[in-house]
Every structure is written in C-alpha cells, then in structure tokens.
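The tour has two stops, taken in order.

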Amino acid sequence: MSKTIPDDVIQRAAKLREQIAYHNYRYYALDDPEIPDVEYDRLFRGLQELEQDYPQLVTHDSPTQRVGAEPLKGFAEVRHAIPMLSLGNVFSEEALADFDRRVREGLGVEEVVYCVEPKLDGLAISIRYEDGLLVRAATRGDGTTGEDVTQNVRTIEAVPLKLYGDAYPAVLEVRGEVYMPRAGFEALNARQREKGEKTFANPRNAAAGSLRQLDPRITATRPLTIYCYGVGVVEGTELPDHHYAILQQLKEWGLRVCPEIRVVRGMQGCHHYYMEIEDKRDTLPYDIDGVVYKVNSLAQQRELGFVSRAPRWATAHKFPAQEEMTILENVEWQVGRTGALTPVARLLPVHVAGVMVSNATLHNPDEIVRKGVRIGDTVIVRRAGDVIPEVVSVVASKRPPDTQPVETPTHCPVCGADVLQDEGEAVPRCTGGLFCSAQRKNGIKHFASRKAMDIDGLGDKLVEQLVDAELIKDVADLFALTREQIAGLERMGEKSADNLVAALKQSKSTTLERFLYALGIREVGESTARTLANYFGTLDKVEEASEEQLIEVEDVGPIVAHHIHTFFRQPHNREVIDKLIAAGVHWPDVEVVQAAEQPLAGQTFVLTGTLEAMPRDEAKAKLQALGAKVSGSVSKKTSAVVAGEAAGSKLTKAEQLGVEVWDEKRLLALLNEYGVGD
Ligand code: 9MJ
C-alpha cells in the first residue's frame with residue numbers, strides 16, 4: 001500500500017521541479033547560471049528525497065529519472081521521417097566562392113545572408129519531443145535510418161527531458177551534435193587509464209563510444225553534452241522563417257545552441273568568420289573540424305532544394321586535417337634540462353595541416369605501452385595549432401609482421417650515465433646531472449630564453465656550438481665570453497659577436513623572478529618564480545628557506561618545495577649563482593606585499609588588442625604585482641576585459657557575458673593609483 005501524498009508535498013515537488021527546470025534553462029540554454037552549483041544540488045536532492053518518500057510522485061520526465069533503464073541487448077532501428085542531411089564540403093576560398101556563386105545564381109540575387117556555425121566534431125543526433133516530453137533520440141545512421149539511443153541521450157544533462165516553458169510545438173524534432181568537451185575527454189581518459197581500461201584517441205571517438213553503450217549507466221558517467229543546430233519534423237506551431245531565429249527559439253525551449261553562431265553577409269562574411277574561428281580554434285573548449293555556412297532564409301532554402309541527400313543551401317568549410325597516417329621508422333630519446341628522457345618518434349615525413357612533420361612526441365614510456373606502439377607501425381600523427389606534433393594511436397590493421405618493440409634505454413644516449421625511473425614518476429631520467437652535455441645545453445638554453453634572462457641572439461644552435469667547443473660549461477661562463485671567442489665559431493661574424501656581447505651585458509640587469517625562473521629549478525615555472533620573488537623579496541631568503549617555509553607559499557606544494565630546497569643545497573648550484581653575481585648579474589629587491597595587502601587580490605583581468613602605453617606582457621606583470629590574476633580567456637568570473645586597439649573575439653565574449661570592458665586609459669589610471677603606471 002502506498003501512502004497517500006499530502007497536498008503540500010505535491011506542491012513542494014511541483015515547485016522544486018519548476019525551480020530545477022528554470023535553473024537548467026539558465027545553466028544550459030542561456031549559459032548564465034543564476035545560483036551556485038551547491039544550491040542547485042540542494043534543490044535536486046530535495047526532489048530526490050520527496051520522490052523517495054512518495055514513489056508515486058516520480059514521473060518519467062522528472063530530472064531525477066535520467067538513468068533508469070536496464071542495459072539493452074542491441075539498438076533498435078529508427079526511421080527519420082525527414083532525412084538527416086549530410087553536408088557538402090569546401091576546402092578553399094575558391095571553392096567557397098563557387099558555392100556562394102551557385103547559391104546566388106540559383107536565387108537570382110546579388111548577395112546572400114548566411115547563418116554561420118562552427119562544425120562540431122561529434123555525433124549527429126535527432127531528438128523527438130511530443131507535447132514537450134522527450135520520447136525518442138536517434139543517431140543519424142545513413143541519414144534515413146539511425147539507431148535508437150533514447151536511453152543514453154536521456155542521461156545527458158544538457159538535454160532537457162521536458163522542453164522549457166509552454167509555447168512549444170506538439171511535435172518537435174531537434175537536430176544537433178552530441179560531443180565531449182576537451183576537458184571532459186582528458187578527465188575521462190585519465191580515469192580510464194587509472195582503472196586500466198581502454199582510453200580514447202580523441203573526443204569524437206569518446207563521444208561515439210559513450211553514446212553507443214548498451215548500458216545507460218555507463219553513458220551517464222561520460223561527460224557528454226550537445227549543441228543543437230536544426231530541426232526535423234515540427235507539428236502544431238509555425239517556427240520562425242529564418243534559420244538563426246529558429247536556433248534562438250530552440251534556446252527558449254531550453255535547448256543548447258552554440259554561442260559562436262552568427263549571421264553574415266555574402267562570401268566575404270563567410271570567409272571572415274572562417275578565419276576568426278580558425279584563430280580561436282585552439283581556445284574553444286571543444287573540437288571542431290571546420291565551419292558550416294547555411295542560407296539563413298528558409299524560403300531561399302526551399303527554393304534551392306537538394307542534390308541527393310545534401311542541401312544546395314549549406315556547405316561545410318573544413319579546416320586542413322590535423323591528423324594524418326604515416327610510418328614510425330624509429331624512436332630516439334631526447335634528454336631534457338632536468339635529465340628527463342622523452343621518446344621522439346622519427347616518422348616517414350608527412351604533410352599535416354600544411355606543415356611537413358618528421359618528428360613527433362610519444363610523451364613517455366607509459367604512453368608507448370598504452371598505445372601499443374612498435375617500430376615499423378603505421379601511426380596517426382596529430383599536429384594541432386602551435387603544439388608539438390604527437391603520435392595519437394596505432395593503426396593496428398596495418399601492422400607488418402616485423403615490427404620491433406620500443407625499449408626505454410638503461411643508459412643515457414648522450415652521456416652514458418645510468419637511467420633511473422623513480423616510483424610514481426612518469427619519466428625516466430638520466431642521472432648524469434651536469435656531467436651530461438645534453439642537460440647542460442638545455443639548462444643554458446633555458447637560462448637564455450626570452451622569459452628567463454632574455455639573451456637576444458643566443459639561440460639553441462649557438463649554445464650547442466659553445467658547449468661543444470668547450471667555451472662554456474655552465475651559465476656563468478657565458479658572461480666571460482669574449483668577442484674573439486664568439487667570432488671564431490662557425491657561422492658567427494664580428495658583428496654578431498659584438499651583438500651577443502652587448503646582449504649578454506644588457507641581460508645582467510634583470511629581475512628576481514626572471515633570475516629564479518632562469519635557474520631552471522625543477523617544477524619552478526614562470527608563475528612559481530614570480531610567487532617566490534614576491535613572497536620572499538630577496539634571493540637570500542629564497543635560498544635559506546626551509547621546506548616548511550616554502551610550503552607556506554601559495555601554489556608551492558611539498559614536491560616543489562623539496563625541489564627548490566634541494567637545488568639550493570647543491571654546492572655546485574651555489575657556486576654558479578655566486579659566479580653570476582660576481583659577473584654583474586643584478587636585480588632590484590622586490591617589495592614584499594602580503595597577499596591580504598595586495599590591492600587587486602581576487603580580481604581577474606583579461607588583456608586583449610594592442611595597448612599603446614606598454615606591451616601587454618608589461619601590463620600583465622604590473623597587474624600581477626598588485627595581486628590580480630591575468631587570464632587568457634574571458635569568463636563570467638572576469639573582473640574586467642581591457643580592450644586595446646583592434647580587440648577581437650574576447651571583447652565580443654565580454655559583451656555577451658556582460659563583463660565590464662575597460663579602455664586602456666582606465667587601466668593606466670588604476671596602475672597610476674598604485675604608483676606602477678610607468
Ligand atoms: C555540426 N556538425 O556542427 C550541421 N553541424 O546542418 C552544424 N552540422 C548540419 N550544422 C545540416 N553546425 C546538416 C548538418
């Protein structure tokens with residue numbers, strides 16, 4: 001016997017569902033949450049508790065009922081009443097011009113207005129709502145028939161089980177892309193690795209594998225989400241007559257639509273958009289493989305019609321492929337500044353996104369095992385943006401019979417010292433220390449680099465020549481170099497020797513944070529070096545600090561503290577530091593400002609565009625000195641975006657999110673207020 005439900009409980013449950021629906025709408029559709037996550041969780045748990053006490057309250061569309069069903073034996077087929085389209089492709093500006101010309105000629109107009117969208121790299125899906133309730137979700141399949149993945153799609157929190165509001169059509173099929181954001185993908189792979197389970201080669205495969213699970217409880221643990229970009233069957237209500245307006249309408253019903261979607265004029269507008277998105281590609285939180293152009297007017301879409309399954313009114317403009325196949329010819333081990341051995345794949349050269357690639361990183365021995373890479377294998381290499389190309393996976397079906405295993409060396413390939421891998425460490429290391437010329441060379445390269453001592457003209461090749469010619473053994477020897485010694489080297493003339501001597505002299509005047517960073521202490525990057533400089537103020541205090549004192553510093557944990565402490569306990573390191581100071585390397589002491597006294601503590605700024613008064617790096621350093629964080633991307637947490645000349649997408653994002661936008665004058669006024677303006 002189930003107990004009767006008191007009226008106030010019914011009302012409370014209804015109220016909670018209404019609140020949860022509203023906050024889901026704010027969070028997913030508007031990307032503008034009104035309440036913190038903990039408050040949302042409280043509402044959700046409140047509803048769960050009521051439903052536990054009164055199971056009759058549970059409805060199929062309750063937000064608590066995402067994962068319910070038992071595993072399936074297989075997926076049923078679903079016929080799409082309106083086929084799911086495929087898109088034609090263009091790969092060049094010329095092909096885009098052809099597409100636009102065909103559209104203009106087909107319509108007999110001078111200029112066409114397009115809706116332009118990022119092309120998400122996920123899985124196309126169609127979700128059917130009847131009277132606002134999610135009744136079926138199907139994959140695209142061949143466009144006519146797909147697979148019924150309703151149980152799995154119900155577990156995606158960004159997909160409403162019930163449309164928001166009440167003005168929705170009796171029947172609505174929404175179409176969109178289910179995808180896995182990059183951060184979720186990385187986290188999923190990390191979890192899979194920990195459990196010793198299969199990892200995924202890229203977010204697309206991870207999304208596909210997650211959506212095609214027979215057990216929805218597994219799908220529910222996968223960080224999937226969705227962006228909607230179209231509709232299929234619609235009954236009972238007229239939708240707007242322009243594509244962009246339809247997408248805005250979908251948002252009103254609680255469906256997620258990509259915020260990068262715009263309306264542009266003509267092929268020029270399309271081309272600008274392509275370049276803007278290509279520029280942004282690496283900073284987007286999800287993978288895309290191009291952009292999509294769609295004629296915005298539905299009347300014009302109808303007029304243009306289809307060629308077989310692809311519409312004449314839309315096309316995809318693909319970015320050059322970031323992944324290609326090639327052969328792994330050998331693996332060599334590079335020795336870094338701290339002795340870390342990195343396996344580098346020597347590849348049969350292959351063009352990837354317009355660049356010839358013949359080397360790619362394999363990261364570390366664990367990754368080699370995880371990917372099952374053997375020498376002679378056909379592998380997939382990926383080159384994304386400015387990052388080093390990497391071997392992503394092996395094409396197992398192409399493995400020839402005579403492949404060789406990749407073995408971690410037992411001795412350093414450069415100096416012959418033992419190679420050891422500490423418990424819990426991902427990388428093996430050469431134990432040769434400064435006896436190893438590779439470690440020495442890389443330490444010196446780091447010391448000279450732009451963000452360290454910034455020694456202009458002292459490039460990697462020159463450091464190698466200097467070490468090989470035994471003109472320098474450590475970084476302090478740099479300052480004893482004479483123009484004659486330098487000019488005597490291959491490919492160096494008197495002029496470049498003079499320039500280098502001058503650059504060395506100039507670099508002696510530095511800052512404590514640069515100097516600390518330049519020392520190349522393990523795990524001490526730019527940001528830790530800055531924190532240490534600001535916290536301790538002088539080199540002596542950093543050198544003398546105990547591990548306990550170091551741990552007190554923000555962002556310094558026990559491991560980093562141990563590395564710093566150990567570094568300054570090595571007589572050799574102390575000697576080099578003394579030699580550097582004796583050679584004239586100097587910096588002003590840093591005025592120590594306690595965190596609480598830092599006037600801009602807790603504030604985050606984003607700098608964009610060109611500043612007139614000072615380079616962005618300098619403005620960044622000044623803001624940081626006052627305790628502010630300076631970030632590369634705009635979010636709702638950003639205190640202000642400082643927009644210089646020709647500011648682009650970050651400015652747009654700030655405007656969309658309602659983040660304060662400052663001009664340079666306002667920034668200077670703030671810096672002047674604290675006496676750091678110039
Ligand atoms: C993706 N993949 O992001 C379409 N798509 O429109 C967008 N795909 C599409 N639109 C019609 N943004 C067929 C496919």
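**Stop 1: the ligand shell**

Select the ligand and the residues around it: by class, this shell holds 6 nonpolar, no polar and 4 charged residues. The model is predicted. To build the selection by hand, pick Leu 85, Leu 87, Glu 117, Pro 118, Lys 119, Leu 120, Glu 177, Tyr 229, Val 292 and Lys 294.

Next, colour strand 3 (113-120) and strand 10 (288-295), each of which supplies at least two residues of the shell. Strand 3 makes the largest contribution, with 4 residues.

Now show side chains and look at the nitrogen atoms of the ligand. Which distance separates a ligand nitrogen from an N or O atom in the side chain of Lys 294? That distance is 2.8 Å. Move to Glu 177, where a polar side-chain atom lies 3.3 Å from a nitrogen atom of the ligand. Then select Tyr 229: an N or O atom of its side chain is 3.4 Å from a ligand nitrogen.

**Stop 2: a helix pair**

Select residues 558-569, helix 20, together with residues 571-582, helix 21. Their axes come within 5 Å and cross at roughly 75°, so helix 20 and helix 21 are roughly perpendicular to each other. For the contact, show Phe 567, Phe 568 and Arg 569 on helix 20, and Pro 571, Asn 573, Arg 574 and Ile 577 on helix 21. Coloured by class, this contact of helix 20 with helix 21 shows 4 nonpolar, 1 polar and 2 charged residues.

Definitions and conventions
Residues are numbered from 1 along each chain as its sequence is written. This is a predicted model: local features need pLDDT of at least 70, side-chain atom pairs count only at pLDDT 80 or more; totals for chains, interfaces and linings use all residues. Side-chain values use heavy atoms; hydrogens and water are left out. A residue is near a molecule or strand if one of its heavy atoms lies within 4 Å of it. A polar contact is a pair of N or O atoms within 3.5 Å; within protein, one must be able to donate a hydrogen and the other to accept it, and residues adjacent in sequence count only if both atoms are side-chain atoms. Ala, Val, Leu, Ile, Met, Phe, Trp, Tyr, Cys and Pro count as nonpolar, Asp, Glu, Lys and Arg as charged, and the others, Gly among them, as polar. Axes are lines fitted to C-alpha atoms, for helices over the stretch in contact, and angles run from 0 to 180 degrees between N-to-C directions. Angles under 35 degrees count as roughly parallel, over 145 as roughly antiparallel, 65 to 115 as roughly perpendicular and the rest as oblique. Contact means heavy atoms within 4.5 Å.
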